[in-house]
Amino acid sequence: MTEPSAIAGWTDFLVASAGAIGTLAGLVFVSLSINLARIIELRGVSGRAGETLLLLTGTLAGVLTMLIPHLTVREHGLILCATAVPTWLLPNLIQVRSVRERTYYRAVHAVIRGVLHQAATLPGVIAGISLCGYLPGGLDWFAVGVIVSMLVAMFNAWVLLVEILR
């Protein structure tokens, strides 16, 4: 008896997500190129730009790995963990460095950025662990993470494109 696919019923969502995330990543690159001088000039903003690119590339990598055919549910979980953990960890390190270097104008900005990042990336980590068989929820967690990642990336793109010019 073969093990059921981890992505049964999820293919349309994953394909649509990959296209949307790829497009959004392109828009973020455009916003970075338009405001590159200002982004580099302002303390801490380049970290946010890097964090946004990591969020998008990590989420895209996670979506694409979930589309790999013929893997067991556990194998999908392990591969998802391999993409989701760095996507969660590296921006946390960037944020810790930003707090240590006091690059935030207000403490509430650090809290909002941290909460948004956790909401966007932790569901991917939880989904990977779930697909490995240690938690319930499976790809439901991943879907939440993909959607929140896109929303957070859109918010960050707005900051990088518009808000830094104020």
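Which residues lie nearest the centre of the largest cavity? They are T59, A84, T87, G124 and F142, out of 14 lining residues.

This is a predicted model, in which local features need pLDDT of at least 70, side-chain atom pairs count only at pLDDT 80 or more, and totals for chains, interfaces and linings use all residues. Residues are numbered from 1 along each chain as its sequence is written, and side-chain values use heavy atoms, with hydrogens and water left out.

**Empty space**

Rolling a probe the size of a water molecule over the atoms shows where empty space is left. On a 1 Å grid over the protein atoms alone, a cavity is a set of points where a 1.4 Å probe fits but cannot get out. A pocket is an open set with protein on both sides within 12 Å along at least five of seven lines. Lining residues have an atom within 4 Å of a point. Points are joined across faces, edges and corners, and a volume is the space filled by probe spheres set on them.

The structure holds one cavity of 30 Å³ or more. The largest cavity has a volume of about 120 Å³. Helix 3, helix 4 (73-100), helix 5 (107-131) and helix 6 (139-161) each give two or more residues to its lining. Helices here are DSSP runs (H or I, at least four residues), numbered from the N terminus. The cavity lining has five nonpolar, nine polar and no charged residues. Ala, Val, Leu, Ile, Met, Phe, Trp, Tyr, Cys and Pro count as nonpolar, Asp, Glu, Lys and Arg as charged, and the others, Gly among them, as polar.

The largest pocket has a volume of about 550 Å³. It is lined by 19 residues, and V45, R48, Y105, H109 and V159 are the closest to its centre. Helix 3, helix 5 and helix 6 each give two or more residues to the pocket lining. That lining has nine nonpolar, three polar and seven charged residues.

**Packed helices**

Two packed helices are described by the angle between their axes and the distance between the axes. Axes are lines fitted to C-alpha atoms, for helices over the stretch in contact, and angles run from 0 to 180 degrees between N-to-C directions.

| Pair | Angle | Axis distance |
|---|---|---|
| Helix 1 (residues 11-34) and helix 3 (residues 45-66) | roughly 160° | within 9 Å |
| Helix 5 and helix 6 | about 160° | 7 Å |
| Helix 3 and helix 4 | about 175° | 9 Å |

Angles over 145 degrees count as roughly antiparallel. Helix 1 is therefore roughly antiparallel to helix 3. Helix 5 is likewise roughly antiparallel to helix 6, and helix 3 to helix 4.

Helix 1 passes helix 3 in a left-handed crossing. Helix 5 and helix 6 also cross left-handed. Left-handed means that the near helix is turned anticlockwise from the far one by less than a right angle.

Which residues touch? Contact means heavy atoms within 4.5 Å. Between helix 1 and helix 3, the partners include L14, I21 and F29 on helix 1, and A49, L56 and M66 on helix 3. This contact has 15 nonpolar, three polar and no charged residues.

Helix 5 brings P123 and G124, among others, to helix 6, where W141 and F142 are among the partners. The count there is 14 nonpolar, three polar and no charged residues.

Helix 3 meets helix 4 through residues including E51, G58 and T59, with H76, T87 and P91 among those on helix 4. This contact has nine nonpolar, nine polar and one charged residues.

Technical notes:
Parallel < 35°, antiparallel > 145°, perpendicular 65-115°, else oblique.
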